[in-house]
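Q: Please take a close look at a single part of this model, the annotated sites and their surroundings. Give the cut-offs behind each term as it comes up.

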Amino acid sequence: MTSPKPGEKRQVSPTAAPVDKKAKLDLPSTHREEALSNELSSAGPSKSSTTTKKPSRKAVRTAQKNRKKLIELEPCSRDDIYWHEINDLLGKDAVDEAIEAGSDLDAPFGFREEVDLVISELSSNGEGIAKAPPDRKPWAVIIPFTLPGERVRARIYRHARLLSFADLVSVEEPNTDMRDMSAVRCRYFGTCAGCQYQMLSYDMQLQLKRNVVVKAYGMFSDLPSTSVPPILPTSPSPLQYGYRTKITPHFDTPEKVYKKHAKNKKLKSDAAASENGDAAIEVDGAIEPKVDIGFNQVGKREVMDIEECPIATPILNEVLGPMRERIQKNMHLYKKGVSLLLRDSLEISPSQPTLSLTPGPSASVANTLPHLQPTPNSIDEMNDLSGAFEKHVCVTDHRATVRERVGTMLFDYPGGQFFQNNNSVLVSLVEYVRDAIFPAGVPTVVSEIVEPSATTSTTDVPTHLVDAYCGSGFFSVMLSPHFTRVAGIELSADAIRFATHNASLNSLPTTKCTFLAGDASAIFATVQDFPRARTAVLIDPPRKGCDEAFLKQLRDFRPEVVVYVSCNVHTQARDVGALVRESKMESEVEGKKGIGWYRLESVRGFDLFPQTAHVESVAVLRLVK
């Protein structure tokens, strides 16, 4: 089967599935030893017909180590989430029975066995989860691109604890209420690991993402249902395609690809090669093996060749094609695989102030093409007009400077540094955080805020903001009009430099907005003069969430409001649960009953990545006395 030509839409079918899967079969230690023993005994004649050679100590230790890895999961990791979902699906009794019998790693399926299954539910990662057929032991199977209620045929390729992973072979009975293949816009959907939900309506995607937040708090917060408010509807993205401002296509080590092609006695022509999963290109008159440049295939650690991505912004797709061509022609110069960077940036005029991590020009630009940038309705008309005609460029250097406009504010940051990848949703995200901090009916602009006095309640209006994990100062700068003082705290010196620059870029006085390098052991030491009763703390940690030391410092600081923005709702649920429980225990200690405890006020998901299963979340906690 030949690959689709650029610009040609491939017929997307729910039956498409890779067939050359190389699997890692995770067996329990006893079965590993037995398999190894059988293999050794069948490799040749033994010295004794009555004895069987035992596996080496090294093989046994390796088997035990692998078993331990399958059982001892990192909390809130992808595998740990699967484990919680499997427990709910199979039931506690069936799980406990399998563990007690020692059969929790003894899969009822063979490698590459095809089996008919009915999808029971969707995992938090967007795949379908099915129970094993009634004639098999209690077991679960994960199958990508499937939906609840569908009867599918799947091919098993890997086993874990009470769980197998399978490729989708075909959808025998689709869920017609949910599946709409005409909505798919990517020719690689069903093979590329990037998107999971293109066959769903956008309303359905938002519903499913709300379910992920609900499940996360049920599984990881360890809070009674009465302590978790109803999860609010997921906030939508204004753009569902063409929104992603950063992509990182990559390719494997060329030598690895060349060795694969060297197995053939003779390089085949393009047409013949593609039928066999191979490809060749002409470079300076010579036929050379083609190195795939793109993104990972679903369920595999192999790169698939992708020349455009529909969820990426237009400028990134326009630059990606020529970049791929240049790399292919110079592939012989690469000694190892490379992860490329393409970031959508506003063009920075040489006369404009900026920072850079590299000497010389402030940005490495792969292309400069003007584009209209959609802006949210909450921005005034003049700002809409100016933003629409700003020129967008593609930055490809990790150390070069990227510039983005969010509402009326501008932000510069290094290409390799974290910044939210969906610009279209950021204004609504900031507006939600602002409204969550200030109680209904309370002024939200500094000119209307009254400083505390003898006749003013100190809990009326937050006047100070601490932005922990502040990065390049996004929330600090965006929320600065609503506070008298803002302090951003970061461990990275480079991030502090750019955050300080961004405050200056947006004409914020240093007396109002400051950025300080924090010590991990004393994060809040630099803001001890902030009035706790009028201070809000915003935290936006990495995927691993907050450690216990940080949460302890946060409880000791005891601000009036805590807003937790997270790219991993599962670690957020864990941290929020700990904050609520521990603060309540502390408030009940004799002599500390007046310090109050944190109540979870609201939780809402935000869709920063449409067409994928990923959901971000904002949790708001308020001190109760």
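A: C567 is found in the loop between β23 (561-566) and α14 (569-587), where helices (H or I, at least four residues) and strands (E, at least two) are DSSP runs numbered from the N terminus. The model is a predicted one, in which local features need pLDDT of at least 70 and side-chain atom pairs count only at pLDDT 80 or more, while totals for chains, interfaces and linings use all residues. Residues are numbered from 1 along each chain as its sequence is written, and side-chain values use heavy atoms, with hydrogens and water left out.

An unreviewed UniProt entry places the feature "active site" at C567; UniProt positions follow the numbering used here, feature names are shortened, and annotations may be inferred rather than shown by experiment.

The unreviewed UniProt entry also places the feature "binding site" at Q420, Y469, E490 and D540. Of these residues, Q420, Y469, E490 and D540 are included in the lining of the second largest pocket (on a 1 Å grid over the protein atoms alone, a pocket is an open set of points where a 1.4 Å probe fits, with protein on both sides within 12 Å along at least five of seven lines, and lining residues have an atom within 4 Å of a point). That lining comprises 19 residues, and F418, Y469, C470, G471 and D540 lie nearest the centre of the pocket. By class, the lining residues divide into ten nonpolar, five polar and four charged, with Asp, Glu, Lys and Arg counted as charged, Ala, Val, Leu, Ile, Met, Phe, Trp, Tyr, Cys and Pro as nonpolar, and the others, Gly among them, as polar. The second largest pocket holds about 370 Å³ of space, a volume being the space filled by probe spheres set on the grid points, which are joined across faces, edges and corners.

Among the binding-site positions in the record is Q420, which lies in the loop between β18 (409-414) and α10 and counts as buried at 7% relative accessibility. Helix α10 (residues 426-437) contains R434, which is partly exposed, with a relative accessible area of 21%. The C-alpha atom of R434 is separated by 9.7 Å from that of V563, although the two residues are 129 residues apart along the chain.

Key. Buried means under 20% relative accessible area, exposed over 50%, partly exposed in between (1.4 Å probe, protein chains only).
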